[in-house]
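Let's take a walk through a protein model together. Keep the picture open while you read, and find each part as we get to it.

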Amino acid sequence: MTENKKTTAKTTTTTKTTKTTTAKKVNSNKSQLILELKKVKKNYGKVEVLTGISFDVYAGERIAIVGANGAGKSTLSEIIARVKDLTSGTINYYFEENGKQSKGKGNISKHIGIQFQDSSYPEYYKVEDLVKFVIGAAKLDITEKELEHLYKTFDLWNLRKEVARGLSGGQQQRLNILLAIVNNPKLLILDEVGTGLDVESRTKIKSYIKSYADTHDATILLVSHNSDEVMELVDRVIVIHNGNVFEDKKLKDIITKWKQFDLYMNNLYLKVFKKNLDLRANKSGRNKSKNKNKNKGNKKEK
C-alpha cells in the first residue's frame, strides 16, 4: 500500500489506483469528525458576507468550495484557518488523536495549512527564510534531504536564496503552496491552486498534493473556479450562494447527472448566480435612474 502511494506522482495508472484507495479511506474515516461549522456568519460593516454556514468535515475528505465571485468562499476558508474572526456562530475542531475537541488558537493552527492568494511577504525575506520560519514555528523534524525534495517539487530549489517579494506571480504561488504544506497539516486549505502556473507546474503540484493527502490522510478544502482542479483533487462539492450553503453534493453524483463538471457550474451561473447578479445590477441601475431624475427635478426647480 505504501509503495503504491509513493509512486502516485510518477504514472497515470497509479494515480487512478490512488483515487480508488482515497474513496475507501474517506468512507472508513467517516465517523472521524474533524471540523464542525454551525451557523457561521461574517459581516464587514453593514455588509453580511456569510449568513449562516453549517456543514461537517470528516478526516480524509477532499472538498471543493465553489460559487460566484464575491460569494464569500475565500472569507470562509480564512475563517476556518483562524486567519479571520467570525461575527457569530461556532467552529469546532477535532484534530486530537483521541477525537477530542482541539482548544486554543495555537493548538488548532498548527494542524492547518493555508495557501494564500495574497503574497504579502516581509521585506527582504528570502525564500529559505520564510520556509525556515514556518518549520521553526511548527517545530518540525524535517531532514535536509526532505526539504530539498520539497523545494525541487515546487521548482524553488534554485530560487531559495532569492528575495520572496522579487519572485514572479507564478513563483510566489508555488512558494505559497509549499509554505501551506511544509508543516504536514491535517487540514490543507488551497485557494485557486493553479493560478499563475504553467501546465507542467500545475500537473506536478496537483500530483504532489494528491500524494500528500493520501499518505497523510489529510483533508483538503479547495476554493477554485477551475474544473480540472476540482475533478482531480476533490470528492465533494459545497456551493456557496447568498452567503449560505446552496448545495452540498458528492462529485460522483454531479458527474453522473451532468457528465461534466463545467456543465454543472454553467447551469448554476445561468440559473442561480446570474439571477442574483442581475438583481444587483438592476437595483444599481434603478438607483442611478432615480438620482438622475431627482437631479433633473432640482434643476427645473432652480
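Which residue in β7 does Ile-65 stand opposite? It's Val-223. Before going on, a bit of housekeeping: residues are numbered from 1 along each chain as its sequence is written, and side-chain values use heavy atoms, with hydrogens and water left out. This is also a predicted model, where local features need pLDDT of at least 70 and side-chain atom pairs count only at pLDDT 80 or more, while totals for chains, interfaces and linings use all residues.

Back to our pair. Strand β3 (residues 62-66) and strand β7 (residues 219-223) run parallel and are joined by four bridges. Two strands pair if DSSP finds at least two bridges between them.

Now zoom out. β3 and β7 belong to an open sheet of six strands, in the order β5-β6-β7-β3-β8-β9, with mixed pairing. Its edge strands, β5 (112-114) and β9 (244-250), each pair on one side only. From one strand to the next, the twist averages 15 degrees; axes are lines fitted to C-alpha atoms, for helices over the stretch in contact, and angles run from 0 to 180 degrees between N-to-C directions. Helix α10 (residues 251-258) packs on this sheet and touches β8 (236-241) and β9, its direction making about 80 degrees with that of β9.

Look at that β9 end. β8 and β9 run antiparallel, with six bridges joining them, and Val-239 has Glu-247 in β9 as its bridge partner. Two residues lie between the strands of this hairpin, where Asn-242 takes a positive phi near 55 degrees.

Time for the inside. In soluble globular proteins, nonpolar side chains tend to be buried together. A nonpolar core is a set of buried Ala, Val, Leu, Ile, Met, Phe, Trp, Tyr and Cys residues joined through side-chain atoms within 4.5 Å. Buried means under 20% relative accessible area, exposed over 50%, and partly exposed in between, using a 1.4 Å probe and protein chains only. The largest core here has 49 residues, and Val-237 is one of those touching the most other members. Apart from it lies another core, of 29 residues, including Ile-34 and Ile-53. Beyond its neighbours within four places in sequence, Val-237 is in contact (heavy atoms within 4.5 Å) with residues including Ala-64, Val-66 and Phe-261.

What about the helices? Seven of the eight residues of α3 (residues 73-80) are buried, so this helix is largely enclosed by the rest of the structure. After α3 comes Arg-82, with a positive phi near 70 degrees. Just after α8, Asp-217 takes a positive phi of about 50 degrees.

One more sheet to find. Three strands form an open sheet in the order β2-β1-β4, with antiparallel pairing. Five bridges join β1 (residues 33-44) to β4, and there Leu-37 has Ile-91 as its bridge partner in β4.
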